[in-house]
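Reader: I would like to learn how to read the features of a structure. Can you take me through them in turn?

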Amino acid sequence: MRCPYCGNEDTQVKDSRPTEDNTAIRRRRFCTACGGRFTTFERVQLRELTIIKTNGRRVPFDRDKLMRSVQVAMRKRPVEQERVERMVSGIVRRLESMGESEIPSSMIGKLVMEGLSSLDAVAYVRFASVYRNFREAKDFEEFLGELSGPFDGSMREEDDDR
């Protein structure tokens with residue numbers, strides 16, 4: 001494993017243990033050249049997945065990219081990181097167990113929407129705004145109307161004192 005600090009390829013594993021959800025191995029590493037310490041995670045990969053974008057382009061599946069997009073939606077939300085990690089791991093397991101090596105990006109979006117709807121409503125709406133490509137406030141109103149009934153956009157009287 002290459003050292004992220006100096007680029008040296010001679011690093012040593014000092015400690016290995018499973019993650020809390022047993023979906024990965026966490027390894028503490030030490031660089032023999034610069035003395036830097038860092039952590040790596042090793043996960044089982046059942047098959048190579050390819051994502052088919054909406055424009056037809058094919059790209060390799062990247063779990064870290066999926067995690068980053070979910071974390072953007074979850075930013076500053078009161079949800080434990082462990083729950084987010086479990087949700088992403090569950091999505092990856094579902095994708096790998098589908099039996100297909102090529103998966104449309106829309107399928108991933110739907111799975112993320114399902115997961116976020118049970119974790120946090122605000123994160124769900126944030127992700128939906130990108131996934132469904134909201135362009136105007138009206139798009140948010142329509143989406144929120146689907147979630148909780150009609151939204152008239154007017155403020156309640158008690159909100160006037162802000």
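Author: Start with a charged pair. The side chains of Asp15 and Arg17 meet in a salt bridge, with N and O 2.8 Å apart. Keep in mind throughout that this is a predicted model.

Reader: Are Asp15 and Arg17 buried or exposed, or something in between?

Author: Look at the relative accessible area. Asp15 has 26%, so it is partly exposed. Arg17 is at 44% and also counts as partly exposed. The limits for that class are 20% and 50%.

Reader: How many salt bridges are there by this rule?

Author: The count is eight. The pair Asp15 and Arg17 is a salt bridge. Another is formed by Arg27 and Glu42, whose closest N and O atoms are 2.9 Å apart.

Reader: Which parts of the chain does the pair of Arg27 and Glu42 link?

Author: Distant ones. Arg27 sits in strand E2, residues 24-31, and Glu42 in strand E3. They are 15 residues apart. Now check the exposure of each partner. Arg27 has a relative accessible area of 19%, so it is buried. The cut-off for buried is under 20%. Glu42, at 41%, is partly exposed.

Reader: Where do helices come in?

Author: Take Glu114 and Arg94. They form a salt bridge, and the closest N and O atoms are 3.2 Å apart. Glu114 belongs to helix H3 (residues 105-119), Arg94 to helix H2 (residues 81-97). This pair, too, links distant parts of the chain, 20 residues apart. Glu114 is partly exposed at 45%. Arg94 is partly exposed at 44%.

Reader: Next, aromatic rings. What describes a pair?

Author: A pair of aromatic rings is described by the distance of the centres and the angle of the planes. In this structure there is one aromatic pair. The ring centres of Tyr5 and Phe38 are 6.5 Å apart and the planes stand at 75 degrees, so the pair is edge-to-face. An angle over 60 degrees is what that label needs.

Reader: Which parts does the pair of Tyr5 and Phe38 tie together?

Author: Tyr5 lies in the segment before strand E1 (11-18), and Phe38 in strand E3 (residues 37-43). The two parts are 33 residues apart in sequence, so the pair ties together separate stretches. Tyr5 is exposed, with a relative accessible area of 55%. Phe38 is buried, at 7%.

Reader: How do I read a polar side chain in a strand?

Author: Thr40 lies in strand E3. Its relative accessibility is 12%, so Thr40 counts as buried. The side chains of Thr40 and Arg29 are joined by a polar contact of 3.0 Å. Set aside the neighbours within four places in sequence, and Thr40 is in contact with Met1, Ile25, Arg26, Arg27 and Arg29.

Reader: Last, the whole chain. What does its secondary structure come to?

Author: Five helices and six strands. From the N terminus on, the order is β-β-β-β-β-α-α-β-α-α-α. The chain has 162 residues, and 31% of them count as buried.

Terms used: Residues numbered from 1 in each chain as written. Predicted model: local features only at pLDDT ≥ 70, side-chain atom pairs only at ≥ 80, totals over all residues. Heavy atoms only, no water. Phe/Tyr/Trp six-rings, centres within 6.5 Å; stacked < 30°, edge-to-face > 60°. Helix = DSSP H or I, 4+ residues; strand = E, 2+ residues; numbered from the N terminus. Buried < 20%, exposed > 50% of the residue type's maximum accessible area, 1.4 Å probe, protein only. Polar contact = N/O pair within 3.5 Å; in protein donor to acceptor, adjacent residues only side chain to side chain. Contact = heavy atoms within 4.5 Å. Salt bridge = Lys/Arg side-chain N within 4 Å of Asp/Glu carboxyl O.
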